[in-house]
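Let us take a walk through this protein chain together. Have the sequence and the 3D view at hand, and we will go from the helices to the core and on to a pair of strands.

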Amino acid sequence: GVSATHFDVKLDASEKQPHRHLRHIVDIIEAANLSESVKARSIAVFRKLAEAEAKVHGSTIEKIHFHEVGAVDAIIDIVGTVFGLEELGVENLYAGNIRTGFGFIECAHGSMPVPAPATAELLMGIPYTQGTVEKELLTPTGAALLATLCDGFGDRPQGFITDKTAYGAGGWDLEIPNVLRAELGVTQKNKESDLLVLETNIDDCSPQIL
């Protein structure tokens with residue numbers, strides 16, 4: 001279980017969100033009552049996202065504007081994910097087979113292919129397939145989280161033993177289950193590292209036989 005610990009990020013969600021630069025998002029995260037490790041990892045995710053956006057726009061991370069990804073929900077998605085991983089005591093993170101979907105989406109720059117250019121950039125060096133669903137199943141925000149935080153992709157880690165499983169349901173009604181499954185557990189190597197001590201009293205036994 002997760003404790004009732006909470007964190008505060010000061011944002012005003014009552015009005016239309018402005019386009020933000022990376023420095024604005026860093027200031028928001030730095031001002032929050034979070035541990036230094038959560039702040040550092042959250043900023044690392046946004047920095048990787050900024051690098052991908054800058055590359056596909058032919059710009060720099062200082063000049064790039066975060067459009068949709070600069071909104072409140074993306075900041076909460078990223079910081080909340082990193083915060084949750086720390087609360088759960090997760091030391092290593094692995095992602096299963098990544099399916100991006102296919103087709104086209106409408107965004108601030110018009111029609112874009114799926115995966116979106118920034119998503120495709122973030123997935124460089126990471127195995128993925130498009131799958132059979134004509135939808136955007138992986139956004140740049142999700143891709144930045146995977147690319148920054150994951151230690152491996154595809155198969156489960158060798159010796160992984162699941163202790164708990166949870167599901168998060170999406171809002172779309174798709175031809176496949178629209179859920180994200182998270183499994184919390186340990187590797188067999190870690191589980192077997194506990195020391196086992198056996199003790200007993202021996203009576204009426206000569207030292208030679210013992």
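Contact here means heavy atoms within 4.5 Å. Helices (H or I, at least four residues) and strands (E, at least two) are DSSP runs, numbered from the N terminus. This is a predicted model, in which local features need pLDDT of at least 70 and side-chain atom pairs count only at pLDDT 80 or more, while totals for chains, interfaces and linings use all residues. Residues are numbered from 1 along each chain as its sequence is written, and side-chain values use heavy atoms, with hydrogens and water left out.

With those words in hand, we can look at the whole chain. It holds six helices and eight strands, and from the N terminus on the order is α-α-α-β-β-β-β-α-β-α-β-β-β-α. Of its 210 residues, 31% are buried, where buried means under 20% relative accessible area, exposed over 50% and partly exposed in between (1.4 Å probe, protein chains only). Among contacts between residues at least 6 apart in sequence, 66% join residues at least 24 apart.

Now find helix H2, residues 36-57. Its 22 residues reach 31 Å from first C-alpha to last, close to the 32 Å expected at 1.5 Å a residue; the expected span is 1.5 Å times one less than the number of residues. Its buried residues include Val38, Ile43, Phe46, Leu49 and Ala50. What covers the buried residues of H2 includes helices H1 (22-31), H3 (72-88), H4 (117-122) and H5 (140-149). After H2 comes Gly58, with a positive phi near 65°.

Which residues touch the most other members of the largest nonpolar core? They are Leu22, Ile29, Leu34, Phe46 and Phe66, out of 36 residues in this core. H1, H2, H3 and H5 each supply at least two of its residues, and H2 gives the largest share, eight residues. A nonpolar core is a set of buried Ala, Val, Leu, Ile, Met, Phe, Trp, Tyr and Cys residues joined through side-chain atoms within 4.5 Å. Leaving aside neighbours within four places in sequence, Phe66 is in contact with residues including Leu22, Ile25, Phe46 and Leu49.

Finally, turn to the strands. S3 (residues 104-107) and S4 (residues 110-113) run antiparallel, joined by four bridges; two strands pair if DSSP finds at least two bridges between them. Phe104 has Pro113 in S4 as its bridge partner, and a hairpin of two residues links S3 to S4.
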